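This report describes the packing of helices and the pairing of charged side chains in one protein model. The sequence and structure are shown first.

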Amino acid sequence: MAVPSLAQILEAARTRLGATALEARLTQPRSAAELKAAPDDRYLSQMELRIFRAGLKHSLVDAKWPAFEEVFGGFEPRWVRAMSDEALEALLGDRRLIRHWGKLKSVRDNAAAMINVAEEHGSFGGWLADWPGTNIVELWETLAKRFSQMGGNSGPTFLRMVGKDTFILTHSVTAALQRWGAAEAPPKNRKDRAQVQSCFNAWAAESGRPLCQLSLILAASIEE
């Protein structure tokens, strides 16, 4: 399948929003140095924020997050990993929290997984920073395998939250991929995601833009 030119997609997005308004929407990813400088506790906090936001109003979760920071010791991974089953179960009685057992348990599971990654690569942020954007879909798969409740769009959404450059296969992006002939149907498996990755790689080479901007341009090309 031929990769459509980004120029055509970009022109459609500019026509819909206006060039200035479109550029104002576009974000910049963090640099490798910035990703490496962030401490692992902030990555764990953001990962869990994404997990608890899933299926809920974000403002509701965000309002409760200071209490989560308190009960999980600032999300310091080794502190969280050391929590006993009894300590976790006691949180089910804390009305300040979202008392979802699977999600609460994921905090300790993901702390342990993050420590393992950090021991292998120096830090979790260093691992993210060194992962090539030309194969970002494999990072999604790795996050889903190594971490709890990070499947679907949770992995790429978490990456966007912490500033790691990625595209996200939202409804608008997948619809735009079909509209512009870059995909025949919404990507559902590894082969489909690899095909989409190749399109984004071509657009990045054509434009010099990061993946996050390409993703937003695609969405803007078909919606207000």
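## Terms and basis

A residue counts as buried when its relative accessible area is under 20%, as exposed when it is over 50%, and as partly exposed in between, with a 1.4 Å probe and protein chains only. D85, at 39% relative accessibility, is accordingly partly exposed.

The model is predicted: local features need pLDDT of at least 70, side-chain atom pairs count only at pLDDT 80 or more, and totals for chains, interfaces and linings use all residues. Residues are numbered from 1 along each chain as its sequence is written, and side-chain values use heavy atoms, with hydrogens and water left out.

## Helix α14

Helices are DSSP runs (H or I, at least four residues) numbered from the N terminus. Helix α14 spans residues 211-220, and nine of its 10 residues are buried, so the helix is largely enclosed by the rest of the structure. The buried positions are L211, C212, Q213, L214, S215, I217, L218, A219 and A220.

These buried residues pack against α1 (6-17), α2 (19-25), α10 (136-146), α11 (154-162), α12 (171-179) and α13 (190-207). Contact here means heavy atoms within 4.5 Å.

## The α10 and α13 pair

Helices α10 and α13 pack at an angle of about 140 degrees, their axes 9 Å apart. Axes are lines fitted to C-alpha atoms, for helices over the stretch in contact, and angles run from 0 to 180 degrees between N-to-C directions. Angles under 35 degrees count as roughly parallel, over 145 as roughly antiparallel, 65 to 115 as roughly perpendicular and the rest as oblique; α10 and α13 are therefore oblique to each other.

On the α10 side, the contact is made by I136, V137, W140, E141 and K145, and on the α13 side by R190, R193 and Q197.

## Salt bridges

The structure holds 13 salt bridges, each a side-chain nitrogen of Lys or Arg within 4 Å of a carboxyl oxygen of Asp or Glu. One of them joins D85 and R108 at 2.7 Å, N to O. D85 lies in helix α7 (residues 85-90) and R108 in helix α8, so the pair ties together parts that are 23 residues apart in sequence. R108 is buried, at 16% relative accessibility. Salt bridges with shared partners also join D41, R42 and E69 into one network.

R78 and E119 meet in another salt bridge, at 3.4 Å, N to O. R78 belongs to helix α6 (residues 77-81) and E119 to helix α8 (residues 101-121), so this pair ties together parts 41 residues apart in sequence. R78 is partly exposed at 44%, whereas E119 is exposed at 52%.

How values were computed:
Helices (H or I, at least four residues) and strands (E, at least two) are DSSP runs, numbered from the N terminus.
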